Amino acid sequence: QIIKVGALNKFTGIVTPKILFDNGLIRNPKAPVKILGGGILKSKVTIQNMTLSAGAKKEIEALGGVIK
């Protein structure tokens, strides 16, 4: 399952696959999720249990976000 980093703007704090599922952004909270660059991230988030492209990681960390 793939989402663009810009889709994370509606969140602050911790973002997990379960949170993405509860908000209708992915179909299965137990399947792997990858975040790709695309769109503009405006909020600081902490990403848990997901993989990221290099561009998405750079954008999240530039805003002070954390990848766990």
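User: Between which two elements lies the loop in which Thr16 is found?

Analyst: This is a predicted model, in which local features need pLDDT of at least 70 and side-chain atom pairs count only at pLDDT 80 or more, whereas totals for chains, interfaces and linings use all residues. Residues are numbered from 1 along each chain as its sequence is written, and side-chain values use heavy atoms, with hydrogens and water left out. Helices (H or I, at least four residues) and strands (E, at least two) are DSSP runs numbered from the N terminus. On that basis, the loop holding Thr16 lies between β2 (13–15) and α1 (17–22).

User: Is Thr16 buried or exposed?

Analyst: Residues are called buried under 20% relative accessible area, exposed over 50% and partly exposed in between (1.4 Å probe, protein chains only). Thr16 has a relative accessibility of 15%. Because this value falls under the 20% limit, Thr16 counts as buried.

User: Which residues does Thr16 touch, not counting residues up to four places away in sequence?

Analyst: A contact means heavy atoms within 4.5 Å. With residues up to four places away in sequence left out, the residues that Thr16 touches are Gln48 and Met50.

User: Is Asn49 buried or exposed?

Analyst: Asn49 sits in the loop between β4 (45–47) and β5 (51–52). Although not a glycine, Asn49 has a positive phi of about 60 degrees. Its relative accessible area is 62%, so Asn49 is exposed.

User: What pattern does the protein chain follow when read along the sequence?

Analyst: The protein chain has two helices and six strands. Taken in sequence, these elements give the pattern β-β-α-β-β-β-α-β.

User: In the open sheet β2-β4-β6, which residue of β4 is the bridge partner of Ile14?

Analyst: Three strands form this open sheet, and their pairing is parallel. The edge strands, β2 and β6 (66–67), each pair on one side only. Strand β2 is joined to β4 by three bridges. In β4, the bridge partner of Ile14 is Thr46.

User: What is the relative accessible area of Val15?

Analyst: Val15 belongs to strand β2. Not counting residues up to four places away in sequence, Val15 touches Leu8, Leu20, Val45, Thr46, Ile47, Gln48 and Met50. Val15 is buried, and its relative accessible area is 0%.

User: Which elements give two or more residues to the largest nonpolar core?

Analyst: A nonpolar core is a set of buried Ala, Val, Leu, Ile, Met, Phe, Trp, Tyr and Cys residues joined through side-chain atoms within 4.5 Å. The largest one has 16 residues, and those with the most contacts inside it are Leu8, Val15, Leu20, Ile35, Ile47 and Ile60. In soluble globular proteins, nonpolar side chains tend to be buried together. The elements that supply two or more residues to this core are β4 and α2 (54–62).

User: How far apart in space are Glu59 and Val5, C-alpha to C-alpha?

Analyst: Glu59 is in helix α2 and counts as partly exposed at 23% relative accessibility. Leaving aside neighbours within four places in sequence, Glu59 is in contact with Val5, Gly39, Ile40 and Leu41. Glu59 and Val5 are 54 residues apart in sequence, and their C-alpha separation is 8.1 Å.

User: What radius of gyration does the protein chain have?

Analyst: The radius is taken over C-alpha atoms, and the globule rule is 2.2 Å times the number of residues to the power 0.38. The C-alpha atoms fill a box of roughly 30 × 20 × 20 Å along the principal axes. With 68 residues, a compact globule would have a radius of gyration near 11 Å; in agreement with this, the protein chain has 10 Å.

User: What percentage of the 68 residues of the protein chain count as buried?

Analyst: Val15 and Thr16 are among the buried residues, whereas Asn49 is exposed. Over the 68 residues of the protein chain, the share that counts as buried is 32%.

Note on methods: Two strands pair if DSSP finds at least two bridges between them.
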